[in-house]
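Thanks for asking me to look this over.

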Amino acid sequence: MKVVENPSLADLNTFGLAAKAGLLLEIENEEDILHMPVLDPVRDLVLGGGSNILLVDDVPGTVLLNRIRGISIIEEDADCVLVEAGAGENWHSLVAWSVEAGLSGIENLALIPGLAGAAPIQNIGAYGVELSAVLQSVTAWDIQQGKWSVLSGEECDFGYRDSLFKSIHPGRYFITSICLQLSKHFVPQLDYTGLSQALHASGIKQPGLDDVFAAVIALRRSKLPDPAVHGNAGSFFKNPVVTRERFEELSHRTHDLPHWDLGSDFAKIPAGWLIERCQLKGFELEGAAVSRQHALVLINQGQATGAALWKLANHVKGVVFDRFGILLEPEPVIYGVPLA
Ligand code: FAD
Ligand code: NAP
């Protein structure tokens, strides 16, 4: 196990925030876990690729970097394959591996930054597909109980950008591997207009697995700010989900309020539209800004602190609430904000 004292975390979070930690431990195998110190969920922090976290403050304790690798097929039949991936595998490389092997189910989730072990934390999703659709089980070290646990997809209590790991038991589980059920028979998932239009525009009428994978990559490259240029954590706010009744009330006030129906009882409102309508695109505060390219993304223009980004996030939240009466919720994990 690699050990570093007083490390800088600047290269370990995609906001590029210059936070520090007391100690850094790189966990490379399950044996290392048995030798790691007993963790305190408040002082210590598990990190994957650091692409879904805002470090508002330093980490006084230990940062554990998950670097457990390996992809293997553990079971297969005529239709499906069970694939186990070490939590330290790069998520996009796992998607690329599955496409190369002709296995479908996660192609719409191409190019999401971060590591496989973090994918269940917020039930990653994009272009109409969520991890929960293919996740069979998660293997984790239960820090609270000091024992191994295998949680089924159902036990993970997945929701929209949410799971038990994020909302019910944050910091309790150190995920070491995930098991996915992928299909040998490709059926394109093209519910998102943006994706089907992009394929159509390229003249592809009956897309194959490679076509969908390539289209998602091209779309994401064209739309999202690159963290290597301007530090960011992707969408900073979740798209608010409201009851049908509440949506009717809101749309009385704002006639052109866009939405997507989630069954007949709920509607999802695009947070990016709300922010843009408040004229906040490009708004800057102490080196932090709302991206001009994508209103849902907050960026570090170079020298912003985590506190400045958090201040900006709260400003955006306040303006949107005052204008629309809709409360935005951050999507990334916020580390270092004292509980109210
Ligand atoms: P980290 O940021 O390192 O960690 C996130 C949380 O998970 C932290 O609480 C951490 O403690 C915990 N964690 C990490 N690894 C483990 C582990 N092994 N065991 C226990 N806890 C762990 N997300 C989407 O859902 N859809 C998208 O389309 C999407 N697009 C993005 C685009 C960009 C440009 C960026 C920067 C981010 C995007 N994200 C998206 C957010 C992010 O990439 C995902 O949430 C990703 O799964 C985070 O992985 P990570 O390894 O970087 O996690
Ligand atoms: P987009 O296609 O411009 O769409 C804007 C929003 O509308 C998205 O947030 C998406 O919600 C929603 N949407 C679009 N079509 C929909 C449909 N047919 N049914 C239901 N909802 C629909 O979005 P984008 O910003 O370019 O992102 C494309 C995809 O990548 C989205 O799924 C987005 O979530 C994902 N993404 C996520 C992050 C992140 O950090 N979480 C960052 C970049 C991209 P959903 O977001 O709920 O899907």
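1. A word on conventions. This is a predicted model, in which local features need pLDDT of at least 70 and side-chain atom pairs count only at pLDDT 80 or more, while totals for chains, interfaces and linings use all residues. Residues are numbered from 1 along each chain as its sequence is written, chains are lettered from A and ligands numbered from 1 in the order in which they are written, and side-chain values use heavy atoms, with hydrogens and water left out.

2. The surroundings of ligand 1. A residue is counted as near a molecule if one of its heavy atoms lies within 4 Å of it. Ligand 1 has 32 residues around it, and the closest are Val46, Gly48, Gly49, Ser51 and Arg220.

3. Arg220 places a polar side-chain atom 2.7 Å from a nitrogen atom of ligand 1. On its own, ligand 1 has 980 Å² of accessible area (Shrake-Rupley method, 1.4 Å probe), and the protein covers 93% of that. Two or more residues of the shell come from each of strand 3 (45–47), strand 8 (125–126), strand 12 (173–183) and strand 13 (231–235). Strands here are DSSP runs (E, at least two residues) and helices are H or I runs of at least four, both numbered from the N terminus.

4. Ligand 2. Here 17 residues surround the ligand, with Arg161, Tyr192, Lys268, His294 and Glu331 the closest. Oxygen atoms of ligand 2 lie 3.0 Å from a side-chain N or O atom of Tyr160 and 2.7 Å from one of Arg161. A nitrogen atom of ligand 2 is 2.6 Å from an N or O atom in the side chain of Glu331. The protein buries 82% of the 790 Å² that ligand 2 exposes when taken alone. Which element gives the largest share of the shell around ligand 2? Strand 13 does, with three residues; helix 5 (209–223) also supplies at least two.

5. Aromatic pairs. Rings of Phe, Tyr and Trp (its six-membered ring) pair if their centres lie within 6.5 Å; planes under 30 degrees apart count as stacked, over 60 as edge-to-face and the rest as tilted. The whole structure holds six such pairs. Phe165 and Tyr173 have ring centres 5.7 Å apart and planes at 85 degrees, so they pair edge-to-face. Both Phe165 and Tyr173 are buried (under 20% relative accessible area; exposed is over 50%, partly exposed in between).

6. A tilted pair. Trp273 and Phe324 have ring centres 6.0 Å apart and planes at 45 degrees, so the pair is tilted. Trp273 lies in helix 7 (residues 271–277) and Phe324 in helix 8 (residues 306–324), so the pair links parts of the chain 51 residues apart. Phe324 is buried because its relative accessibility is 4%, whereas Trp273, at 22%, is partly exposed.

7. A surface patch. Val241, Leu262 and Phe266 form a nonpolar patch with about 240 Å² of accessible area together. Leu262, in strand 15 (residues 260–262), is partly exposed at 36%.

Terms used
Patches are made of residues with over 30% relative accessible area and no salt bridge: like charges are joined within 9 Å, nonpolar side chains (Val, Leu, Ile, Met, Phe, Trp, Tyr) within 5 Å. A salt bridge is a side-chain nitrogen of Lys or Arg within 4 Å of a carboxyl oxygen of Asp or Glu. Buried means under 20% relative accessible area, exposed over 50%, partly exposed in between (1.4 Å probe, protein chains only). A polar contact is a pair of N or O atoms within 3.5 Å; within protein, one must be able to donate a hydrogen and the other to accept it, and residues adjacent in sequence count only if both atoms are side-chain atoms.
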